[in-house]
Amino acid sequence: GNPYMCNNECDASTPELAHPPELMFDFEGRHPSTFWQSATWKEYPKPLQVNITLSWSKTIELTDNIVITFESGRPDQMILEKSLDYGRTWQPYQYYATDCLDAFHMDPKSVKDLSQHTVLEIICTEEYSTGYMTNSKIIHFEIKDRFAFFAGPWLRNMASLYGQLDTTKKLRDFFTVTDLRIRLLRPAVGEIFVDELHLARYFYAISDIKVHGRCKCNLHATVCVYDNSKLTCECEHNTTGPDCGKCKKNYQGRPWSPGSYLPIPKGTANTCE
């Protein structure tokens, strides 16, 4: 089990004993790690379910793996979801389970089972859901492995990836989010049966969530700044809008189009004129 976690000393109302959500996003150089912790599964058999929502109020293009570090065992069931419309609607990004068939009626897969043609498939993986094993704290959503289907295993052929992103809106949208939501559906049990005499053993605890991305500016800005505590593209090429998604007034001589990655390395501005 994990008797070293929090024990009976968790108390949200006392700063020294609290484990609030912001501890998932602080600097992780300290030892021991700081972490957020949920309530325990005292209400069993009622499900212990927690949603963690990350919102940027801006369209973001993901550039590297999403990495979630658990201080408790990794959950038996979890869904990573994304929104492209500021949290109004949600789509699954990936399912995680110790038993995909039982939890989500899906056959287990790993990203390595995908290909260029199936890269957008939403899968359920069992890779990250084993119990208290060494190095078993981390869950990934694999962005780079998906890039590698186009750019090669070492991501050396970026022109190929950029060519695909330029021409395939569905692929671009797949790596684009305004919000992410982690749905924790069942804590790490580690055995077949839940030990009903020790329900305090079951909870979620996360020390770190890493999301690497850049503002989506349709390649019409090189800088994204905080303006009134909101991320904003500094639009160039006579474009305007939150994502530089339209031509400025008086520059509408030709239809707006996004900038292009090609030809590498400079790309094409597609300036509004």
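This report describes the nonpolar cores and some of the disulfides of the structure above.

The model is predicted, so local features need pLDDT of at least 70 and side-chain atom pairs count only at pLDDT 80 or more, while totals for chains, interfaces and linings use all residues. Residues are numbered from 1 along each chain as its sequence is written, and side-chain values use heavy atoms, with hydrogens and water left out.

A nonpolar core is a set of buried Ala, Val, Leu, Ile, Met, Phe, Trp, Tyr and Cys residues joined through side-chain atoms within 4.5 Å, where buried means under 20% relative accessible area, exposed over 50% and partly exposed in between, with a 1.4 Å probe and protein chains only. The largest such core has 46 residues, and Ile52 and Leu184 touch the most other members. A second, separate core of 9 residues includes Ile79, Cys100, Cys124 and Leu185.

There are 5 disulfides in the structure, a disulfide being a pair of cysteine sulfur atoms within 2.5 Å. Three of them are listed here.

| Disulfide | S to S distance | Angle about the S-S bond |
|---|---|---|
| Cys100 and Cys124 | 2.1 Å | -85° |
| Cys217 and Cys233 | 2.1 Å | -90° |
| Cys235 and Cys244 | 2.1 Å | -90° |

Cys100 is buried at a relative accessible area of 0%, as is Cys124 at 1%.
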